[in-house]
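Please read this briefing alongside the sequence and the structure shown below.

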Amino acid sequence: MEERKKLLEIENLKKYFPVKAGFGKKQYVQAVESVNYFIYEGETLGLVGESGCGKTTLGRTTIRLYEPTSGRIVFDGEPIYDSEKKIAVPMLPYRRKMQIIFQDPSASLDPRMTVGEIVGEALDIHGLFQGKAERRERINQLLDEVGLNTEHSNRFPHEFSGGQQQRIGIARALAVEPQFIVCDEPISALDVSIQSQVINMLEDLQAEKGLTYLFIAHDISVVRHISNRIGVMYLGSMVELGESYELCNHPIHPYTKTLLSAVPIPDPVKTRSRQRQLLEGEIPSPINPPSGCRFHTRCPYATERCKQEFPKLKEYGPGHYAACHLLEQGGI
Amino acid sequence: MVTYTLKRLGAALLTLLIIMAITFFLMNAIPGSPFLTEKSTPQQIALANAKYGLDKPLIIQLKNYVVNYLKGDLGTSLKMQEGTPVRDIIFHQGKFVLSIKLGLISLAVAVIIGIPLGCIAAYNRGTWLDGFLRVMTTVGVAIPGFVLATLLLASLAVKLHVLPTNSGQLTDFKSYIMPILSMSFYYVCYVAKLTRTSMLDAINQDYIRTARAKGVKTKMIVLKHALRNSLIPVITYLGPVTAGIITGSFVVESTFQIPGLGKYYVQCVMSRDYPVIMATTVVLSALVIFMNLVVDIAYKIVDPRITLTNKED
């Protein structure tokens with residue numbers, strides 16, 4: 001495999017949220033626990049997992065929209081956060097390079113601002129134009145890129161449909177010409193017919209501008225379609241990471257296997273002959289996550305070691321990583 | 001917008017008419033007469049009643065009021081300043097202006113201090129500052145204006161001699177402090193509370209996160225995105241308050257002996273000066289109605305999502 005440039009590297013990233021638990025006690029929601037991953041320049045890394053497994057938190061912490069609890073973030077060779085070396089650079093210049101598209105398009109646009117103001121504000125902050133004419137031209141160009149009319153810039157967000165609102169959100173993210181965009185479930189609030197339009201648009205924009213995506217979704221079939229590589233999360237930790245095709249066809253982590261066996265196949269013959277693996281029990285609370293491997297409470301193969309030791313992400317095939325003690329011992 | 005305003009003005013006139021009717025029957029329901037004194041004989045009272053048309057059936061009296069009001073004639077005072085046109089009493093003796101002035105200053109204080117206090121509390125949520133402000137505002141909305149007025153008079157003026165006791169004269173800046181403070185403190189606290197709550201609500205919205213992702217500075221996020229989105233409840237509250245602060249000032253006016261409309265109004269009710277009661281009520285009601293209209297139009301300016309008409313686009 002040729003050496004590709006890693007645009008973003010995340011090491012041991014943790015994000016804990018404090019929660020109140022009665023008098024004097026402080027507890028933490030361990031939303032992201034020691035996550036390691038990296039993204040090659042120009043690729044799309046898909047991130048899947050159940051609701052509440054920390055995908056969104058990981059996405060937001062990656063671009064420091066949430067301040068990490070600890071860990072290390074390196075963007076384009078520059079460390080932008082390092083809890084050990086006490087590095088936390090000012091984010092303003094990086095807000096130009098890293099952007100995010102939010103899940104709920106209607107809530108993520110300020111209802112008091114026109115579309116032009118929403119898109120233009122990003123331009124203002126980073127001083128990306130000279131003169132009013134250039135600013136207006138730039139806004140129109142952005143709206144055009146995402147398939148909206150230039151007259152739309154004087155309207156307010158509530159006058160648009162969900163799909164159009166998400167296009168505004170994308171135009172807003174593109175305004176600063178970022179290298180990297182976190183797509184935080186950008187299509188899950190949209191109708192199925194609109195979903196494909198937005199996905200195709202994101203793919204076109206990527207090809208055109210050489211963008212890098214972290215694409216978060218809970219629908220693995222969408223992620224499989226758009227991503228070069230896929231990461232699977234369970235209860236705040238990354239359990240498997242690999243090339244899309246490889247991961248979907250030859251999953252090695254027990255959780256990924258069950259997750260994939262739940263994806264419906266549009267072929268009744270295959271569906272009938274397929275063995276579905278069902279997990280027992282509920283997903284544990286991230287406030288008091290299980291010790292050791294977080295999956296051990298539901299893993300059919302769990303051993304004593306799994307209960308005590310947190311498994312690290314290790315490479316088991318070319319570019320195929322997983323965090324499981326059983327694989328170290330030669331597989332399941 | 002124009003048709004909407006015209007419609008609202010029409011509705012306002014109707015409301016005023018209803019208010020006039022209610023006021024008229026209420027004040028006639030109170031026993032007593034403006035001409036009833038220890039010395040007056042029944043003949044004198046009957047004579048006076050006939051002179052001012054009070055002997056006619058109630059419904060005719062009401063009709064006369066309405067017709068005269070439509071002509072712009074508010075009648076003359078029966079008792080307080082016998083023979084003086086009511087219009088002069090209200091508008092030309094400085095009473096109305098004085099009350100409005102006090103009210104507007106108090107309102108300005110409520111907005112200028114209340115909104116920033118609310119922002120500060122929301123921004124520093126959970127800290128000692130927030131806790132202090134929360135206690136202060138809770139106490140503030142719990143203390144009635146006349147208690148505060150009395151306490152201020154007793155402490156600052158009588159004991160400490162920091163402020164003049166004749167604050168009712170409103171001669172210099174110092175004399176304004178206590179009346180304004182006792183009138184506006186409640187509203188400062190209430191506005192601060194409202195702002196804090198709606199601000200906290202706004203801060204947790206997704207678009208605040210969007211602004212942060214754009215790189216907007218925290219200060220600007222609070223001022224530009226959060227504040228603008230959290231002003232609706234405050235504006236809703238300010239409309240009725242504007243009228244209330246002006247009309248409801250009579251307690252404070254009485255405490256500090258300020259010769260304003262509020263104090264005069266109370267005296268008129270006491271002495272059954274019907275035309276003055278009626279005129280004052282109508283003028284103050286008109287003020288309330290007008291402020292509500294202003295608020296509804298202000299909504300539209302603050303929140304583009306609100307449409308004033310039912311018309312579908």
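What follows covers the contact between the chains and then the domains within each chain.

The model is a predicted one, and the contact between its chains takes 19 residues from chain A and 16 residues from chain B. Chain A is divided into two domains, domain 1 (6-97 + 180-191 + 203-328) and domain 2 (106-177), and chain B into domain 1 (1-94 + 274-313) and domain 2 (96-259).

**Between the chains**

- On the side of chain B that touches chain A, helix H9 (206-214) and helix H10 (218-247) of chain B each supply at least two residues, and H9(B) gives the largest share, seven residues.
- By class, this side of chain B has seven charged, five polar and four nonpolar residues.

**Within chain A**

- The centres of domain 1 and domain 2 of chain A, taken over C-alpha atoms, are separated by 31 Å, and the contact takes six residues from domain 1 of chain A and six residues from domain 2 of chain A.
- The side of domain 1 of chain A that touches domain 2 of chain A has four nonpolar and two charged residues, with no polar ones.

**Within chain B**

- For domain 1 and domain 2 of chain B, the centres, taken over C-alpha atoms, are separated by 31 Å, while the contact takes 14 residues from domain 1 of chain B and 15 residues from domain 2 of chain B.
- Helix H4 (86-91) and helix H13 (274-302) of chain B are the elements that give two or more residues to the side of domain 1 of chain B that touches domain 2 of chain B, and H13(B) gives the most, with ten residues.
- That side of domain 1 of chain B has eleven nonpolar, two polar and one charged residues.

Terms used: Residues numbered from 1 in each chain as written. Chains lettered and ligands numbered in written order. Predicted model: local features only at pLDDT ≥ 70, side-chain atom pairs only at ≥ 80, totals over all residues. Contact = placed C-beta atoms within 7 Å. Helix = DSSP H or I, 4+ residues; strand = E, 2+ residues; numbered from the N terminus. Nonpolar A, V, L, I, M, F, W, Y, C, P; charged D, E, K, R; others polar. Domains from an automatic or database assignment.
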